[in-house]
Amino acid sequence: MARQRTKKGRPVSGWLVLDKPLELGSTKAVSKAKWLFGAQKAGHAGTLDPLATGILPIALGEATKTVPYVMDGTKAYRFTVSWGAQTTTDDLEGEATEMSDMRPDRAAIEALLPRFTGTISQTPPQFSAVKVDGKRAYALARQGEAAAVTARDVEIDALTIIAHDGNTTIFKVECGKGTYVRSLARDMGRELGCFGHVSALRRTFVEPFDEADAVTLSELEAAVEAAGDDEAARHGALDAFLLDTGEAMDGFPRVDLGDEQAHRIRLGNPAILRGRDAPVAEEEACAFHRGRLVAIGEIALGAFRPRRVFRL
């Protein structure tokens with residue numbers, strides 16, 4: 001009889017809202033968090049470039065099941081565009097490909113913003129994680145190949161100017177899934193006739209997480225150091241920084257279950273929702289028991305039908 005493989009790490013679950021530092025890639029940030037927490041499983045909800053800082057939500061354990069819902073949420077960024085040059089990467093990392101002595105005034109930029117608000121067509125940068133014929137665009141770009149990256153529609157909910165000094169402009173953008181801020185800078189520069197690239201980028205919001213939820217690597221490392229050699233104390237200090245898995249589903253329709261209902265749903269069975277105020281139909285809803293997320297599923301004909309069950 002084959003032996004069952006033992007999973008490495010501990011079964012810790014929850015969301016770590018990391019304030020990612022400059023020059024650390026998202027994959028390395030997740031690996032660092034997984035190692036610190038000794039977690040069996042970890043993943044993130046939306047890549048941040050190494051030259052970007054800010055909110056990188058990292059899911060541990062059962063929270064990885066809620067990653068798609070966070071990925072689909074609204075995001076907000078604060079970014080600086082330096083005018084006068086377009087680069088190969090559309091940020092500071094690349095080499096200049098187009099140059100201009102022209103600099104836009106604030107009025108010209110303000111007049112342009114409505115054209116970059118709402119549903120817009122956007123082509124991702126050559127150096128991006130978009131797949132082209134099964135390969136990442138950035139991998140092809142590093143080999144000197146021009147990837148045939150196709151344009152797609154993205155949602156820009158709001159785009160405003162925070163400050164402008166002539167050579168640079170600081171913006172705030174609220175946008176949907178798949179939006180590239182570097183493409184925004186590139187395309188605005190082209191429309192203004194002066195070219196532009198991102199010279200600073202910070203993500204300030206990933207629905208439902210904001211900067212108030214964020215923790216730095218320095219804070220995590222300080223907690224580990226303060227706990228000393230006691231492994232249980234280290235894990236306890238780190239786990240205090242985690243948000244409950246159910247926090248990711250804030251804003252979704254919710255039902256609170258009794259003990260018997262929760263037991264049925266944990267076994268993968270539907271549970272009848274009783275009471276005059278019980279919802280009759282919801283395509284996507286969450287079931288909680290004693291404040292903890294039990295399942296994500298559908299409410300139909302007065303019953304909750306689980307599609308994804310959480311072992312918490």
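Okay, let's start with a pair of helices. In α6, the residues L220, A223, V224 and A227 meet A233, R234, A237 and L238 in α7. If you sort that contact by class, you get seven nonpolar residues, no polar ones and one charged one. Before I go on, please keep in mind that this is a predicted model.

So where are these two helices? Helix α6 covers residues 217-227, and helix α7 covers residues 231-239. Their axes sit 8 Å apart, and the packing angle is about 150°. How do we describe that arrangement? Angles over 145 degrees count as roughly antiparallel, and therefore α6 and α7 are roughly antiparallel to each other. As for handedness, the crossing of α6 and α7 is right-handed.

Let me zoom out for a second. The protein has 312 residues, and buried residues make up 46% of them. On the secondary structure side, we have eight helices and 18 strands. The C-alpha trace spans about 70 × 55 × 40 Å along its principal axes. And here's a number about how the chain meets itself: take the contacts with a separation of 6 or more, and 69% of them are between residues 24 or more positions apart.

C194 comes in at 0% relative accessibility, so C194 counts as buried. C286 has a relative accessible area of 1%, so that's buried too. C175 also has a relative accessible area of 1%, which means C175 is buried.

Let me stay with C175 for a moment. You'll find C175 in strand β11, which runs over residues 168-175. What does C175 touch? Leaving out residues up to four places away in sequence, C175 touches T74, K75 and Y77, and also E155, I156 and D157.

Definitions and conventions:
Residues are numbered from 1 along each chain as its sequence is written. This is a predicted model: local features need pLDDT of at least 70, side-chain atom pairs count only at pLDDT 80 or more; totals for chains, interfaces and linings use all residues. Side-chain values use heavy atoms; hydrogens and water are left out. Axes are lines fitted to C-alpha atoms, for helices over the stretch in contact, and angles run from 0 to 180 degrees between N-to-C directions. Helices (H or I, at least four residues) and strands (E, at least two) are DSSP runs, numbered from the N terminus. Angles under 35 degrees count as roughly parallel, over 145 as roughly antiparallel, 65 to 115 as roughly perpendicular and the rest as oblique. A crossing is left-handed if the near helix is turned anticlockwise from the far one by less than a right angle, and right-handed if clockwise. Contact means heavy atoms within 4.5 Å. Ala, Val, Leu, Ile, Met, Phe, Trp, Tyr, Cys and Pro count as nonpolar, Asp, Glu, Lys and Arg as charged, and the others, Gly among them, as polar. Buried means under 20% relative accessible area, exposed over 50%, partly exposed in between (1.4 Å probe, protein chains only).
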